[in-house]
Amino acid sequence: MALFLLDHGAGNVQSLANSIKKLGYDFSWISSPDDFHKASILVFPGQGAFHTAIECLTERGLLEPLYDYIQSGKPYFGICIGMQVLFASSAESPSTLGLGLIPCQMERFDDTTKPVPHMGWNTAEPIDPDTLSSEGVSSSDHYYFVHSYRAKYDPERNPETAMWAHSTTQYGQEVFISTVRKGNVFGAQFHPEKSSVAGLTVIDAWIKQSLAGRTPAEPSPRIPRLPKPQHGFTRRIIACMDVRANDEGDLIVTKGDQYDVREKSLTSTPLSSTTAVKTAGAVRNLGKPVALAARYFESGADELCLLNITSFRHSPLQDQPMLAVVRAAAERVFVPLTIGGGIKDTVDPDGTKRSAVEVAGAYFRVGADKVSIGSEAVYAVEKVRAAGGRLDGSSAIETISKVYGSQAVVVSVDPKRVYVDPETYDGPYKDELVHGRPDGPENEQGKAWWYQCTVSGGRETRPVSVVQLVQGAQILGAGEILLNSIDRDGTGLGFDHNLIGLVKRAVTIPVVASSGAGTKEHFVSVFIETGVEAALAAGIFHREEVGIQEVKLASRQAGIDVRS
């Protein structure tokens, strides 16, 4: 029997290919409409906007052959967008019609009480507890979700759609269909290829059952599932690797102290007893990026970030070493991978123009799941503010999110404190002022400050506050905020809760806390005190001062849900 994968041309399909290779199966790619006739088993993975998927399939002449294949009765597995296209339509683009096999429109999550996109690890509870029809899905495991639109599970109001439900998931107080199954068709809203061992188990179980021959299972009665007091959504622990070339030209993982990545040395003069700190040493080398990525995956990291902090000196698409790093990491890591640095419109040395979408697409094709945008986001927000809030669709955030969906775009923010006189300040950021608590750190007592955004790795300040930036980024289409702190970076003093709380209150998209982690207790406190969705660290993990499992154990003991 011939296993084929369908690449609709937008999104990370390489990770599924890596997963299937790891499981030991051979496969081919659908490259033309005729290939559907050769396929005995078909998997359609992917991410992105609903309309983009339908448009890409239509333009390549694959939409009708896909529908015919599914109707033929041969096994089909749709992942994320591959599941969503089975539905009639999506509120994301109501005028675009799906395949219509499931008579329901995908609707957007309610973001009044929770962040949207639904981004992170959650449980999936099968409708039928029979293990023979489980497709490897277990209610005791966690799976990686990243989506803004869902099909509500409501057997009373929409019984026909409910008969497709194979498992359900709760996010906030919304219960939605997380997997569908009917006859030869199976689909998952989560990404099994990014769900570690639990996800690989789902892929393996489905392929094995398909190869052995499928017997349609009789559906069990569908009864309502009311929201439980607590959903299965977990907090994420993320390991970040700042990647740059050392003085010999090799790509290494490094870590700065307040963004300075070079080793410091102490110098003193014979005629003086004073000692000065010299910072022009070698680039701090904390390991090779692919080896570290594999170590963090094995240690239970929920996500990984690879940030190219020297960006791309000539052209992102000609930076073959960094592309190779992402490709190699994706072959060994089966959790989400974010790549940052140089995701913008560029021009090659020969004058060839490269769009941000093209650059992002290159990284998605080798295995990245999200791209992180830094300085370009600041410039884009400045442009929108200067235009009175009007969007022109030209920024990297807008163009990438239009094709791949907002969940694929992370905005990395580098703010720093600007201290002002708390008694007299009446400037434009007075509503964003943070006041040092009387019982807080001694160097903050009696002071007030606002957070100013920077570009170029913190080297240049811009006339934009952190609140203005994150709100502007969300309007432009970003799906997540990676919130750094220049003041806390490398200090080990803990996350800046004032900064994180300020940003959490300003947006309705997920926020990742970064900068300052020095102990496992710092993760516990930032989750409890700010409600942030994820927390990231670099140096303490690289130097093995704190282990990822230590952080997770401390979190569980504090009553915080984390993935095992």
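Predicted model: local features only at pLDDT ≥ 70, side-chain atom pairs only at ≥ 80, totals over all residues.
## Basis of the model

Local features require pLDDT of at least 70 and side-chain atom pairs count only at pLDDT 80 or more, while totals for chains, interfaces and linings use all residues. Residues are numbered from 1 along each chain as its sequence is written, and side-chain values use heavy atoms, with hydrogens and water left out.

## The three-stranded sheet

Helices (H or I, at least four residues) and strands (E, at least two) are DSSP runs, numbered from the N terminus. Two strands pair if DSSP finds at least two bridges between them. An open sheet of three strands runs in the order E5-E6-E10, with mixed pairing. Its edge strands, E5 (87-90) and E10 (149-150), each pair on one side only.

Strand E6 (residues 102-108) pairs with E5 in the parallel sense over three bridges. Ser-90 stands opposite Met-106 in E6.

## Strands E7 and E9

Five of the five residues of strand E7 (residues 118-122) are buried, so E7 is largely enclosed by the rest of the structure. Buried means under 20% relative accessible area (1.4 Å probe, protein chains only). E7 pairs with strand E9 (residues 143-147) in the antiparallel sense over five bridges, and Met-119 stands opposite Val-146 in E9.

## Contact between H14 and H15

His-497, Ile-500 and Lys-504 in helix H14 meet Ser-525, Val-526, Glu-529 and Thr-530 in helix H15; contact means heavy atoms within 4.5 Å.

Definitions and conventions:
Buried < 20%, exposed > 50% of the residue type's maximum accessible area, 1.4 Å probe, protein only.
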